[in-house]
Structures are given as C-alpha cells and as structure tokens.
Amino acid sequence: MIIKWEPDTAPVVVSVDIINSTLVKVTWSTIPKDRVHGHLKGYQINWWKTKSLLDGRIHPKEVNILRFSGQRNYGMVPSLDAFSEFHLTVLAYNSKGAGPESEPYIFQTPEGVPEQPSFLKVIKVDKDTATLSWNRPMKLNGNLTGYLLQYQIINDTDEIGDLNEINITTPSKSSWHLSNLNATTKYKFYLRACTSKGCGKPVTEESATLGEGKYAGLYDDISTQGWFIGLMCAIALLTLILLTVCFVKRNKGGKYSVKEKEDLHPDPEIQSAKDETFGEYSDSDEKPLKGSLRSLNRNMQPTESADSLVQYGEGDHGLFSEDGSFIGAYAGSKEKGSVESNGSSTATFPLRA
C-alpha cells in the first residue's frame with residue numbers, strides 16, 4: 001500500500017470571468033478534506049499564453065504561477081496581454097507538496113487600448129503651419145483604428161488655450177500637416193493611438209511657430225538638409241587648410257636681394273654720404289688729364305733737340321766727364337724719361353766716343 005502525502009485529486013475550474021483586457025477572475029471547486037492528506041495550505045493557478053489574436057502568432061509556453069493560501073475557491077489573475085489566448089489550470093497543495101493539476105481551461109482576453117506611440121516629432125514648422133511625424137505603439141493590444149491628435153497654445157504663464165482635436169481614421173498614417181496656426185506661438189501636441197476599446201496614453205511634444213515674414217521658414221528648411229550641412233563642413237575644412245598654409249609660409253619667410261631692395265628704395269642720407277666720399281666719375285674728368293700729357297710732351301720736344309745740338313756742337317762741356325764720357329745727356333734723359341713715361345714716349349741719345 002502506497003501512502004500519499006500530497007493531495008491526490010485536482011480542483012475543477014468553474015469559470016474565468018473577464019474583468020478587463022488584462023485582468024480575469026478564476027473560480028474553482030475545492031477538493032474534499034479526506035483528499036488533502038494533511039493540512040491544506042492553499043490553491044495554485046498556473047497559466048500561459050498560447051497565441052496573439054491580433055496576428056495569430058503562436059507564443060512559446062511560459063508558465064506563470066500564482067498561489068492563494070487558505071481554504072478559498074477563487075482568485076484574480078492580473079497582468080495579462082490583451083487580445084490574446086491563454087490556458088489555465090488549478091491545483092491544491094499542502095506542506096508536503098502540490099497535488100495534480102486540473103484540466104486546462106482556455107480563455108481569451110478582449111481588445112484593450114493601445115500603448116502610447118513610440119515617438120512624436122515636429123519635423124517642420126512655418127509661421128502658421130506645422131508637420132508632425134510619429135511611429136505606432138510597440139503593443140497595439142487590439143486592432144488599431146486610428147489616432148487622436150490634440151493641440152493647444154501654451155506660454156510661460158499658467159494660461160493655456162483651448163484644446164483642439166483631430167481624429168485620424170487611417171491606422172497606417174504616420175504624419176500630419178497642421179495649418180491655420182498662430183505665428184510666433186508655442187504649441188503643445190498630444191497624440192494617442194486608438195482601438196475599438198478607446199485611445200491609450202498620449203505622447204507629447206512642444207514647438208513654436210515662426211515669426212511673420214516672407215522668408216520666415218526658409219532658413220529652418222535649408223538647415224535641415226543634408227547637402228547644406230555637408231557644404232558648411234567642406235567650407236570650414238578648406239578655410240582651416242588655407243589658414244594652415246598661410247601660417248607655415250609666414251614662419252618660413254622669403255629670401256630677397258638687399259642690393260635690389262636698396263636700388264628700388266634708396267635712402268637719401270646714404271646716397272649723399274656715398275657722393276661725398278667717392279665723388280662722381282665721368283669722361284669729362286679724364287679729358288683734361290689727357291690734354292695735359294700732350295702739352296707736356298710738346299714742351300719737352302725742344303729740350304730734346306737742344307740736347308742733341310749740345311752733343312754735336314760746341315755747347316757746355318760740363319755735360320761730359322774728364323774722360324769725355326756723356327754724363328749730362330744721360331742724366332737729363334733720365335729725368336725727362338721719368339716725366340715722359342706718363343705720355344708713353346721714349347728719348348734716345350746717340351753716343352760718340
């Protein structure tokens with residue numbers, strides 16, 4: 001005979017009442033005391049999601065456990081996924097362990113409201129218009145029917161404007177263009193995703209319209225373009241390279257001729273000093289010198305003739321030595337030769353014994 005210490009029978013699931021899309025109430029029948037085999041500690045609910053009713057995707061089995069102590073026949077199961085199918089079982093347990101599970105009870109959760117959209121951005125504004133962009137929620141919790149877009153004027157005070165609403169009935173829509181806004185005004189935008197059960201929590205964004213003027217939105221539009229940003233980066237890079245080249249050349253310096261610089265930009269004081277030191281040279285200074293030499297040669301020719309006559313005539317005998325050698329003429333010619341050498345003329349004197 002085998003003695004069982006755990007409960008040997010399973011409760012029966014009576015009903016699963018849907019409270020909302022994420023909460024249900026489970027009711028079961030309790031087991032007889034003689035089937036507990038000891039002191040009953042409570043009941044345990046096991047449940048797991050089998051598939052999504054939105055796209056029919058099968059979900060892998062992941063069992064969740066929730067225990068309820070004492071002698072009771074119901075329990076609340078929270079945090080379920082909306083618009084999904086679940087399986088559920090109930091069992092009793094005592095201090096020795098858990099008894100067998102009930103037959104799985106299949107139930108489905110209804111649609112719920114979606115989560116808030118993933119993001120909301122104001123991608124373009126002008127003086128009286130704004131363009132918004134968004135992405136759908138991560139969890140739709142049902143079939144998406146559209147979006148609710150709301151906006152109102154806000155400012156630095158506590159005063160706010162009237163709330164304007166736009167129902168967007170196209171679920172695939174991911175942007176919207178607003179018009180007839182006030183210029184130079186700050187707005188707050190609210191966007192909610194909606195299903196047949198209602199709209200979820202909003203995602204918000206703030207932005208201000210531009211001021212009055214024909215070209216008010218021009219620069220904002222250009223500054224968001226990729227080609228404009230690339231052009232500005234290229235100009236900045238070229239400017240940096242040019243400044244670097246100029247800096248290197250300035251540090252390196254250049255070589256030039258001092259003489260050429262002096263010729264191009266003469267200093268009056270230095271030029272005056274050169275003139276006083278060296279004087280001016282010209283052909284007119286040379287001509288009087290040549291004339292003087294020719295005059296000297298003419299003056300000396302009669303002297304040479306006279307010397308020749310003395311040699312052959314009865315002239316002064318003091319020119320000869322005691323032995324009859326010609327001294328005077330030689331001495332005279334030597335003196336005259338030192339003068340005539342400047343005029344490139346040479347005198348010859350014949351000697352007689």
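This is a predicted model: local features need pLDDT of at least 70, side-chain atom pairs count only at pLDDT 80 or more; totals for chains, interfaces and linings use all residues.
Select Trp28 and Phe68 to begin: Trp28 is buried and so is Phe68, where buried means under 20% relative accessible area, exposed over 50% and partly exposed in between, with a 1.4 Å probe and protein chains only. The two rings form an aromatic pair that is tilted, at 6.1 Å centre to centre and with 40 degrees between the planes; rings of Phe, Tyr and Trp (its six-membered ring) pair if their centres lie within 6.5 Å, and planes under 30 degrees apart count as stacked, over 60 as edge-to-face and the rest as tilted. Trp28 lies in strand E2 (residues 23-29) and Phe68 in strand E4 (residues 64-69), so the pair ties together parts that are 40 residues apart in sequence.

Residues are numbered from 1 along each chain as its sequence is written, and side-chain values use heavy atoms, with hydrogens and water left out.

Now show the whole chain as a cartoon: there are six helices and 16 strands, these being DSSP runs numbered from the N terminus, with helices (H or I) of at least four residues and strands (E) of at least two. Of the 353 residues in the chain, 27% are buried. Among contacts between residues at least 6 apart in sequence, 64% join residues at least 24 apart, contact meaning heavy atoms within 4.5 Å.

Next, select strand E6 (residues 84-94), where eleven of the eleven residues are buried. In a regular strand the side chains alternate between the two faces of the sheet. Both faces of E6 are covered, with Ser84, Phe86, Leu88, Val90, Ala92 and Asn94 buried on one side and Glu85, His87, Thr89, Leu91 and Tyr93 buried on the other.

Which strands pair with E6? E3 does so in the antiparallel sense over eleven bridges, where two strands count as paired if DSSP finds at least two bridges between them. With strand E7 (residues 97-98), E6 pairs in the antiparallel sense over two bridges, and Tyr93 stands opposite Ala98 in E7; E6 and E7 form a hairpin with two residues between them.

Move to Tyr105 in strand E8 (residues 105-108), which stands opposite Leu88. At 27% relative accessibility, Tyr105 counts as partly exposed. Leaving out residues up to four places away in sequence, Tyr105 touches Val13, Val14, Ser15, Val16, Phe86, His87 and Leu88.

On strand E3 (residues 40-52), select Asn46, which is buried with a relative accessible area of 6%. The side chain of Asn46 makes a polar contact with that of Gln44 at 2.9 Å; such a contact is a pair of N or O atoms within 3.5 Å, and within protein one must be able to donate a hydrogen and the other to accept it, while residues adjacent in sequence count only if both atoms are side-chain atoms. Beyond its neighbours within four places in sequence, Asn46 is in contact with residues including Val63, His87, Leu88 and Glu101.

Return to E2, which belongs to an open sheet of three strands in the order E1-E2-E5, with antiparallel pairing. Strand E1 (12-20) and strand E5 (74-77) are the edge strands, each pairing on one side only. E2 and E5 pair over four bridges, and the bridge partner of Val26 in E5 is Gly75.

A further open sheet of three strands has the order E9-E10-E13, again with antiparallel pairing. Strand E9 (119-125) and strand E13 (175-178) stand at the edges with a single partner strand each, so one side of each is left without a neighbour in the sheet. Strand E10 (residues 130-135) pairs with E13 over four bridges, and Leu132 has Trp176 as its bridge partner in E13.

Finish with two charges over rings, a feature that requires NZ of Lys or CZ of Arg within 6 Å of the ring centre and within 35 degrees of the ring normal. Lys25 lies over the face of Tyr74 at 5.1 Å from the ring centre, and the charged end of Lys96 sits over the ring of Trp5, 5.7 Å from its centre.
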